[in-house]
Amino acid sequence: MNALARVSPIWALAIAVFAVGVDVYIVVGILPEVARDLNEPVAAVGLIASAYALPTALLAPVFGPLSDRRGRRTALTLGLAIFIASAAASMLAPSLLILLLARGVNGLGAAIMLQAAFAYAGDIPELRERDRALGLLSSAFPLATLLGLPLGAVAATLMGWRGAFLFITVVGVAALVLVRTLCPA
């Protein structure tokens with residue numbers, strides 16, 4: 001049995017939740033650079049945080065039942081695929097309008113994925129394991145919040161503001177590969 005096969009699926013979900021959480025705050029450190037590059041006021045560029053958070057907050061309850069109907073892994077895969085594609089679109093956005101639209105779609109993917117991740121953990125039959133899984137997923141979000149701003153600043157320093165979205169895209173791809181590998185259908 002290889003080492004990856006012994007890893008709990010919850011770690012894949014924790015990485016996905018971490019990606020969603022980092023994406024909330026990673027933009028804070030790059031706002032001035034995005035504003036300069038896109039020739040927009042910083043106040044207007046600040047909307048990229050809200051463009052992501054709004055659909056995540058509003059649509060999460062709507063997409064909760066999706067994984068009940070279609071399966072946890074299917075919903076996780078769909079949410080992560082949307083999340084990854086829109087993070088990549090954010091990285092490539094040539095204008096503020098396109099960036100705002102990409103961030104909104106990014107929030108949609110996050111809304112789908114988050115609900116499926118917590119539902120997956122809630123399905124674990126053994127109470128102690130379920131509690132541990134929910135605790136790990138719940139801690140991934142504040143950890144991401146703590147690290148989002150510094151990670152965004154480092155990415156922007158090394159690669160420009162688009163590097164922050166490259167980081168999110170890469171973490172999302174890693175989460176998708178792990179979900180597809182570790183989470184049974």
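Helices here are DSSP runs of H or I with at least four residues, and strands are runs of E with at least two, numbered from the N terminus. This is a predicted model, so to speak of local features we need pLDDT of at least 70, side-chain atom pairs count only at pLDDT 80 or more, and totals for chains, interfaces and linings use all residues. Residues are numbered from 1 along each chain as its sequence is written, and side-chain values use heavy atoms, with hydrogens and water left out.

Now the surface. Which helix gives the most to the patch? H8 does, with three residues. Helix H8 (127-159) and helix H9 (162-182) each supply at least two.

Next, the packing of those two. The axes of H8 and H9 are 7 Å apart, at an angle of about 120°. Axes are lines fitted to C-alpha atoms, for helices over the stretch in contact, and angles run from 0 to 180 degrees between N-to-C directions. H8 and H9 are therefore oblique to each other; under 35 degrees is roughly parallel, over 145 roughly antiparallel, 65 to 115 roughly perpendicular, and the rest oblique. H8 passes H9 in a right-handed crossing, meaning the near helix is turned clockwise from the far one by less than a right angle; anticlockwise is left-handed.

H9 also meets helix H1 (residues 9-25), where the axes come within 8 Å and cross at roughly 160°. H1 and H9 are therefore roughly antiparallel, and their crossing is left-handed.

Last, helix H6 (residues 72-92) and helix H7 (residues 96-122): their axes come within 7 Å and cross at roughly 155°.
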